[in-house]
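Please open the model in a viewer and keep the selection tool at hand.

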Amino acid sequence: MTESNSDTTAIGGAVTLTELYRRMLTIRKFEDHAARLYRATQIPGFLHLSIGQEASAVGACWPLDDRDVVTSTHRGHGHCIAKGLDVEGMFAELMGKETGTCRGRGGSMHIADPRKGIFGANGIVGAGLPIAVGAGTAAQLRDSGGVVVAFFGDGAVAQGVFHESVNLAAVWDLPVIFFCENNGYSEFSAAVDQHRATLRERAAGYGVEFHQVDGNDVVQVATLQRTLVDRLRAGAGPVIVEASTYRWHGHYEGDPESYRDAAELAAWKERDPLTVLGDTMRGQGLAEHLAAIEREVDAVIESAIEKAVAAPYPAEETAGDYVITPRAAIPEPATPTAGSWKIMHAVTNALTKELADDPTVFLAGIDVGKGGNVYGLTRGLAEQYPGRVRDTPISESAIMGTAVGAAMAGYRPVVELMYFDFIGVCLDQLMNQAAKLRFMTGGAVTMPLVVRTQFGAGKSSGSQHSQSLEALVAHIPGLTVVMPSTPADTYGLLRAAIQDPNPVIFIENRLLYGMKGAEPPADHLVPLGKAIVRRPGTDVTVVSYSKTMYDCLAVADRLAAEGISVEVIDLRTISPLDFDTVLTSLQKTNRLVVVHQAVGEFGVGAELAARAVREGFWHLDAPVIRVTAGATPAPYTPALEKIWLPDEARIEAAIRETLDTRS
């Protein structure tokens with residue numbers, strides 16, 4: 001069902017009409033039986049059916065082949081079947097079985113198979129649109145004629161990611177068809193009450209071509225799509241298509257549907273997509289084909305349900321599987337001692353090295369191309385690697401979604417979030433997409449992407465440009481969080497992050513960009529998830545990372561003159577947390593102080609304290625002490641910012657406090 005139909009068969013011939021009908025009937029039968037299974041409690045969770053919308057799904061996917069990608073919605077069963085997903089695996093997935101398309105980890109709203117170019121149904125309205133932009137970017141870079149169809153409903157037009165995605169696709173001239181299935185309702189609300197501008201008018205605002213089509217006539221949809229796909233394969237830019245259709249069932253199974261009347265539904269049922277095509281086929285003397293297709297599809301559906309019902313559920317011991325892709329072991333390199341360079345040069349050189357070594361690596365972000373980054377870290381790279389260092393509009397959600405879609409399509413995007421504080425603008429694409437897609441697809445997805453960002457309080461940047469938010473992203477399973485402190489580690493960890501098969505949030509402290517240190521060799525790699533002892537000691541363990549690590553080292557050096565031996569550990573990676581290194585030190589020193597620039601409540605220090613009490617309780621001779629920023633937003637005025645930040649005096653006081661318990 002994923003073979004191309006754009007060149008070999010004219011739309012309207014017997015073979016084509018028969019196959020179009022078969023695909024639509026398969027969707028109808030699948031959805032009808034899914035509804036029955038749901039009522040029989042054999043399908044848990046939410047279920048959103050697309051009965052009545054079969055023609056838009058089948059017609060939109062008709063000219064697609066294995067090069068092409070679709071992104072879907074929470075009402076995505078029809079899109080999956082139209083793109084070639086087998087119904088046996090889909091039924092098993094809806095039932096939560098191990099033999100399901102996603103091994104029972106995704107369910108109805110998250111069903112996907114990237115191996116077939118199906119980048120996922122999505123429980124977040126509009127979230128598939130920026131992912132489609134990423135897939136379109138990969139298709140453009142690959143230059144093999146691939147096209148992306150991004151399905152969305154009329155309700156998604158009100159989402160900010162719709163604007164960001166269409167605008168970025170237009171700016172980059174990407175081969176994406178934004179395909180709106182306008183079924184008249186945004187969940188319970190009529191579409192006419194949700195918007196004051198038509199989709200045609202919006203398309204004009206983006207400078208994007210627009211087409212409207214009868215979404216219940218599969219021949220019309222397929223004919224239009226074949227023309228558009230052929231043009232996009234030849235290099236045309238994005239298009240918006242609006243297909244008018246109607247869902248027969250409620251927003252979800254169990255929806256009381258008090259917001260619409262029976263007469264409206266009855267009127268739309270008179271234009272049943274299967275009846276429309278069936279009448280055409282009967283008019284061409286193909287009535288016998290219809291009966292044969294019915295028997296064939298019934299047999300396929302019945303067999304699929306039988307096998308799905310008999311399939312096992314996932315074993316309990318697999319509950320933690322597929323959260324991350326196993327990463328290659330990297331040995332700890334020798335600490336360089338020669339040469340001198342700055343952390344800012346380490347960032348630039350790491351990016352340059354990976355761009356040179358791997359053609360699937362590309363950079364994207366606000367002002368990373370012509371502007372060379374706000375700190376000059378990517379200066380000259382756009383000229384050196386044309387097309388692979390890309391400026392974006394100020395569209396953080398589209399930037400992150402581009403990384404997700406491109407990673408799913410086999411690229412290694414490195415995208416920049418200009419300030420860590422801006423993560424709230426685009427958190428969905430990191431929290432609900434990048435972090436979860438490997439798990440929700442049962443391991444079918446790898447997500448090799450890096451988000452570079454920076455923070456740094458201490459220079460009156462104010463509450464919206466100073467935050468150390470690592471605990472927020474470290475709390476999300478599936479994300480790796482890195483915060484380097486030295487030039488050599490910055491270079492080695494950034495290279496390792498780009499080569500890693502998992503999503504990595506790489507957080508730099510801008511106040512360290514000018515910090516100098518020894519220069520490592522070009523092949524320098526530092527393992528992710530491994531802390532390092534920066535200074536050995538025997539009396540107290542101090543754990544820190546990023547800029548505050550230097551404050552800890554300064555205090556340790558000063559206390560050494562008094563005979564106080566402080567062991568300083570640099571976490572380097574926040575998640576996964578290398579507690580083994582901390583525990584080994586704690587077994588020796590019996591005391592623990594944690595220092596970080598983030599606020600203390602629910603932070604990294606709290607996690608280390610909890611682990612120390614649980615796993616190192618019998619080694620503790622004193623309470624764990626945290627030295628952190630105050631529990632307020634970052635102040636602007638230097639007078640308050642100075643007392644808000646942890647400093648050497650507070651670190652020293654904490655060390656002395658924990659040592660005082662010896663008396």
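Begin by selecting serine 485, which counts as buried because its relative accessibility is 0%, below the 20% cut-off for that class. The model in view is a predicted one. Serine 485 belongs to the loop that links β13 (480–482) with α18 (487–499).

**The seven-stranded sheet**

Colour the strands β10, β9, β11, β12, β14, β13 and β19, which in that order make up an open sheet of mixed pairing. Strands β10 (389–391) and β19 (573–575) stand at its edges; each has a single partner strand, so one side of each lacks a neighbour in the sheet. Averaged over the sheet, neighbouring strands are turned by 20° against each other, with direction ignored.

Strand β9 (residues 361–365) runs parallel to β10, and three bridges join the two. To see a specific pair, select alanine 364 together with its bridge partner in β10, arginine 390. Then display helix α14 (residues 396–408), which lies across β9, β11 (412–417) and β12 (450–455) and runs at about 165° to β11.

**The largest pocket**

Two or more lining residues come from each of α17 (470–474), β19 and α21 (604–615). Which element gives the largest share of the lining? That element is α21, with four residues. Colouring the lining by class shows twelve nonpolar, five polar and three charged residues.

**A cis peptide bond**

Stay with serine 575 and select proline 576 as well: the peptide bond joining them is cis, with omega at about 5°. Proline 576 is located in the loop between β19 and α20 (579–589).

**Two residues with positive phi**

Select arginine 572 next, in the loop between β18 (566–570) and β19. Its phi is near 65°, a positive value in a residue other than glycine. Arginine 572 counts as buried because its relative accessibility is 0%.

Then go to aspartate 143, in the loop between α5 (128–142) and β2 (148–153). Aspartate 143 also has a positive phi, near 55°, and is likewise not glycine. Is this residue buried or exposed? Aspartate 143 counts as exposed, because its relative accessibility is 67%, and the class begins over 50%.

**Strand β7 and its partners**

For the last stop, select strand β7 (residues 239–244). Five of its six residues are buried, so β7 is largely enclosed by the rest of the structure. Strand β3 (residues 176–182) pairs with β7 in the parallel sense over six bridges, and phenylalanine 178 has isoleucine 240 of β7 as its bridge partner. Strand β6 (residues 209–214) also pairs with β7 in the parallel sense over six bridges; here, glutamine 212 stands opposite glutamate 242 in β7.

Key. Residues are numbered from 1 along each chain as its sequence is written. This is a predicted model: local features need pLDDT of at least 70, side-chain atom pairs count only at pLDDT 80 or more; totals for chains, interfaces and linings use all residues. Side-chain values use heavy atoms; hydrogens and water are left out. Two strands pair if DSSP finds at least two bridges between them. Axes are lines fitted to C-alpha atoms, for helices over the stretch in contact, and angles run from 0 to 180 degrees between N-to-C directions. Contact means heavy atoms within 4.5 Å. Ala, Val, Leu, Ile, Met, Phe, Trp, Tyr, Cys and Pro count as nonpolar, Asp, Glu, Lys and Arg as charged, and the others, Gly among them, as polar. Buried means under 20% relative accessible area, exposed over 50%, partly exposed in between (1.4 Å probe, protein chains only).
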